[in-house]
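Dear colleague,

Please find below the structure that I promised to hand over. My notes on one helix and its surroundings follow.

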Amino acid sequence: MRVTTRIYALQPEQVTDLASRMMGTWTLTSAIIRCYAAYNLSNKTAYQLCMWTFALALGSFTSEIFLFETAPISSPGVFPALIVSSTSLAWMALNYAKYTGASKAKIDKKWAS
């Protein structure tokens, strides 16, 4: 719980043992999905799930900083999480077709509809 309290330093009273365990479970689940995707890059479902883990992490930390104001960007782990999640998400989106075998035309058509 010590690390979770340091991340959410602006409102540490909201951090409970349950919230800490949930964050740990989320971190482990994300790690499992990301490892699976790393070894199965051509699997579109695994690749997309991995992208979603980074999108959720980015959304979660961004909302805690700006919306709920519970985590200052200077807290340990917050700024690195923003950098890793945004960079990873952008890189994966840019290389989606390369690794999954999806053609650029199909991707453009899907997003246009």
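Which residue takes a positive phi just after H3? Glu 69 does, at about 55°.

This is a predicted model, in which local features need pLDDT of at least 70 and side-chain atom pairs count only at pLDDT 80 or more, while totals for chains, interfaces and linings use all residues. Residues are numbered from 1 along each chain as its sequence is written, and side-chain values use heavy atoms, with hydrogens and water left out.

Helices are DSSP runs of H or I with at least four residues, numbered from the N terminus. H3 has 24 residues and spans 32 Å from its first C-alpha to its last, close to the expected 34 Å (1.5 Å times one less than the number of residues). At its start, a side-chain oxygen of Asn 43 comes to within 3.0 Å of the backbone nitrogen of Thr 45.

Thr 53 belongs to H3, which covers residues 44-67. Thr 53 counts as buried because its relative accessibility is 2% (buried means under 20% relative accessible area, exposed over 50%, partly exposed in between, with a 1.4 Å probe and protein chains only). Other buried residues of H3 include Phe 54, Ala 57 and Phe 61. Leaving aside neighbours within four places in sequence, Thr 53 is in contact with Trp 26, Ser 30, Ile 33 and Arg 34 (heavy atoms within 4.5 Å).

Trp 52 also lies in H3, but this residue is exposed, because its relative accessible area is 57%.

Yours sincerely

Technical notes: Helices (H or I, at least four residues) and strands (E, at least two) are DSSP runs, numbered from the N terminus. A polar contact is a pair of N or O atoms within 3.5 Å; within protein, one must be able to donate a hydrogen and the other to accept it, and residues adjacent in sequence count only if both atoms are side-chain atoms.
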